[in-house]
Amino acid sequence: MESLAQLEALCERLYNSQDAAERAHAENTLKCFSANVDYISQCQFILDNASTPYALMLASSSLLKQVTDNSLSLQLRVDIRNYLISYMANRGPELQPFVTGSLIQLLCRVTKFGWFDDDRFRDVVKESMNFLSQVCILL
């Protein structure tokens, strides 16, 4: 992928194109993000820097597939969990509902797979309540 703008355009075509061939091409080009664990950091880069909800959705759904299909190390799962909690605390209110839903599903999946491996996964409710209360104070 040459640039974030190109990635965002491909994501737009993946999720919105009426042309099946165009959608298939975009899907084939973007499948590396969900098929290769080396792309986990690129998914986080997309979440941090993309401006379109479709690129955010690609990153979130790719991470979900990575967490579900691969036996990720405990440290990587903890890192993803911590990143998601921080990301949703900082960017959650401005995200499209379908992106927020996908990120919540990802956080739940990471938590499920780590629940018995490390006590930090069990603090998800307390940590989520902390940033939710901050959001309510701002409103």
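This report describes helix 6, its packing against helix 7, and several residues placed elsewhere in the chain.

The structure is a predicted model, in which local features need pLDDT of at least 70 and side-chain atom pairs count only at pLDDT 80 or more, while totals for chains, interfaces and linings use all residues. Residues are numbered from 1 along each chain as its sequence is written, and side-chain values use heavy atoms, with hydrogens and water left out.

**Annotated region**

An unreviewed UniProt entry lists residues 26–90 as "domain: Importin N-terminal"; UniProt positions are given here in the numbering of this report, feature names are shortened, and annotations may be inferred rather than shown by experiment. Over residues 26–90, the chain is 82% helix and 0% strand. Helices (H or I, at least four residues) and strands (E, at least two) are DSSP runs, numbered from the N terminus.

**Helix 6 and its partner**

Helix 6 covers residues 74–91, 18 residues in total. From first C-alpha to last, helix 6 reaches 25 Å, close to the expected 26 Å; the expected span is 1.5 Å times one less than the number of residues. The buried residues of helix 6 include Arg-77, Val-78, Arg-81, Tyr-87 and Arg-91. Here, buried means under 20% relative accessible area, exposed means over 50%, and partly exposed lies in between (1.4 Å probe, protein chains only).

Two packed helices are described by the angle between their axes and the distance between the axes. The axes of helix 6 and helix 7 (residues 97–114) come within 10 Å and cross at roughly 145°. Axes are lines fitted to C-alpha atoms, for helices over the stretch in contact, and angles run from 0 to 180 degrees between N-to-C directions. The crossing of helix 6 and helix 7 is left-handed, a term used if the near helix is turned anticlockwise from the far one by less than a right angle, with clockwise giving right-handed. On the helix 6 side, the residues that meet helix 7 include Arg-77, Arg-81, Leu-84 and Tyr-87. Their counterparts in helix 7 include Leu-103, Leu-107, Val-110 and Phe-113. Contact means heavy atoms within 4.5 Å.

Arg-81, in helix 6, is buried, with a relative accessible area of 1%. Neighbours within four places in sequence aside, Arg-81 is in contact with Leu-107, Val-110, Arg-120, Phe-121, Asp-123, Val-124 and Glu-127. Tyr-87, also placed in helix 6, is buried at 4% relative accessible area.

Ser-102 lies in helix 7 and is buried, with a relative accessible area of 6%. Not counting residues up to four places away in sequence, Ser-102 touches Met-57, Ser-60 and Ser-61. Asp-118 is found in the loop between helix 7 and helix 8 (124–138). Asp-118 is buried at 15% relative accessible area, and touches Leu-74 and Val-78 once residues up to four places away in sequence are excluded.

Lys-65 belongs to helix 5 (residues 53–69) and is partly exposed, with a relative accessible area of 40%. Leaving aside neighbours within four places in sequence, Lys-65 is in contact with Ser-34 and Asn-70. Tyr-39 sits in the loop between helix 3 (32–35) and helix 4 (40–49) and is partly exposed at 27%. Tyr-39 touches Cys-32 and Phe-33, residues up to four places away in sequence not being counted.

The table lists C-alpha separations for selected pairs.

| Pair | Separation along the chain | C-alpha distance |
|---|---|---|
| Tyr-39 and Gln-66 | 27 residues | 9.2 Å |
| Lys-65 and Met-129 | 64 residues | 26 Å |
| Asp-118 and Cys-32 | 86 residues | 29 Å |
| Tyr-87 and Ala-21 | 66 residues | 34 Å |

**Cysteines**

A disulfide is a pair of cysteine sulfur atoms within 2.5 Å, and by this rule the count comes to 0. The sulfur of Cys-32 is 8.5 Å from the closest cysteine sulfur, that of Cys-43, which is too far for a bond. Cys-32 counts as partly exposed, at 24% relative accessibility.
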